[in-house]
Amino acid sequence: MIEFLNALPGAAAQGIIWGIMAIGVYITYKILDIADLTVDGSFGTGGATLVLCMTSGMGLPLSMLIAFLAGCLTGFATGVFHTKFGIPAILAGILTQLGLYSVNLRILGGANLTLSDRKYKLLVNLKNTYPSLLICTIFAVVIIAVLYWFFGTEMGHSLRATGCNPAMARANGINTEKNKIIAIILSNGLVALSGALLAQWQGFADVSMGRGAIVIGLAAVIIGEVIFGKIFKNFALRLAGVVMGGIVYYAVITFVLRLGLNANDLKLLSALVVAVFLAIPYWKKTWSENRRKPMEEGAKDAGN
């Protein structure tokens with residue numbers, strides 16, 4: 001237990017990093033109602049781009065901006081495949097993700113590329129847990145504040161309308177195809193930014209660093225909704241709940257690993273965690289309906 005408590009700050013910092021990625025997933029999955037699998041590729045693109053930029057002599061702020069823009073380009077590709085080529089969103093994401101594997105290999109020049117904290121000034125670092133935790137928290141708060149402002153604008157409301165009821169949005173003169181592309185671009189830009197933070201945290205980027213990212217993102221979104229959904233009604237608080245879902249997810253993973261789980265079984269555990277939290281709302285609904293039926297039947301009998 002002491003080892004787990006000592007590892008908790010690091011798990012929280014990593015959970016926030018993945019929570020930022022989960023905010024990107026939230027935009028497509030919850031707001032746009034699209035399953036975008038580009039995430040597994042764009043996450044690695046963000047990390048690979050940042051490491052390449054910094055090892056080429058660029059400063060950290062510019063490198064993070066370029067990583068964000070690289071993620072936006074991946075989202076643009078998926079958005080165009082979906083809206084202009086008529087490819088279903090899930091297949092468009094798979095196509096982009098597949099292509100990004102080769103792109104990420106090209107960026108890295110191999111399977112991985114190291115980013116030493118001794119040689120480069122990094123924003124977050126595995127060795128400096130508490131300062132990194134504070135920086136990650138500030139980073140997440142700023143992103144949530146910017147998104148809260150953006151989705152309160154006319155453009156933000158039109159994006160929400162597109163996801164809520166595309167037919168009604170089109171009837172009101174909203175260009176839903178353009179909005180879908182914008183939302184997917186923004187989503188993958190945030191995912192790539194998260195990948196850039198993780199590359200700094202772990203000190204390297206590799207071609208497989210985004211594998212399974214969509215599962216972690218969904219886990220954070222669903223955990224956040226199940227635990228904090230009834231408490232957090234405001235949009236900004238919902239986004240904060242997604243980040244907190246990432247923290248809870250990594251705290252659970254850290255706890256289980258400390259109990260002696262084989263690291264090779266981590267992906268299986270992640271899938272099970274997501275499956276359970278996806279099932280909880282259904283179980284609650286079924287349980288409520290089963291309780292309501294006898295009460296309704298009793299009321300009818302009493303009326304007769």
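Before we select anything, here is how the elements get their names: helices (H or I, at least four residues) and strands (E, at least two) are DSSP runs, numbered from the N terminus. Residues are numbered from 1 along each chain as its sequence is written. This is a predicted model, where local features need pLDDT of at least 70, side-chain atom pairs count only at pLDDT 80 or more, and totals for chains, interfaces and linings use all residues, while side-chain values use heavy atoms, with hydrogens and water left out.

**Colour by confidence**

Start with pLDDT, the predictor's confidence in each residue, from 0 to 100. The protein averages 88, and 95% of the residues score at least 70.

**Select 39-55 and 60-83**

These are helices α2 and α3, whose axes come within 8 Å and cross at roughly 150°. Axes here are lines fitted to C-alpha atoms, for helices over the stretch in contact, with angles from 0 to 180 degrees between N-to-C directions. The crossing is right-handed, meaning that the near helix is turned clockwise from the far one by less than a right angle. Show side chains for the contact (heavy atoms within 4.5 Å): α2 brings residues including Ser42, Thr45 and Leu50, and α3 brings, among others, Leu60, Met64 and Ile66. By class, this contact has 8 nonpolar, 6 polar and no charged residues. For that tally, Ala, Val, Leu, Ile, Met, Phe, Trp, Tyr, Cys and Pro count as nonpolar, Asp, Glu, Lys and Arg as charged, and the others, Gly among them, as polar.

**Now the pockets**

On a 1 Å grid over the protein atoms alone, a pocket is an open set of points with protein on both sides within 12 Å along at least five of seven lines, a cavity is a set where a 1.4 Å probe fits but cannot get out, and lining residues have an atom within 4 Å of a point. Grid points are joined across faces, edges and corners, and a volume is the space filled by probe spheres set on the points.

The largest pocket has a volume of about 580 Å³. Select Gln14, Trp18, Ile216, Tyr250 and Leu266, the closest to its centre of the 27 lining residues. Helix α10 gives the most to this lining, with 6 residues. The lining divides into 16 nonpolar, 7 polar and 4 charged residues.

Next comes the second largest pocket, about 250 Å³. Its lining includes Tyr29, Glu225, Phe277 and Lys284. Which element supplies the largest share of this lining? It is α11, with 5 residues.

**Last stop: the cavity**

Select Tyr26, Glu225, Phe228 and Arg238, which are among its lining residues. Helices α9 (213-228) and α10 (235-258) each give two or more residues, and α9 has the largest share, 4.
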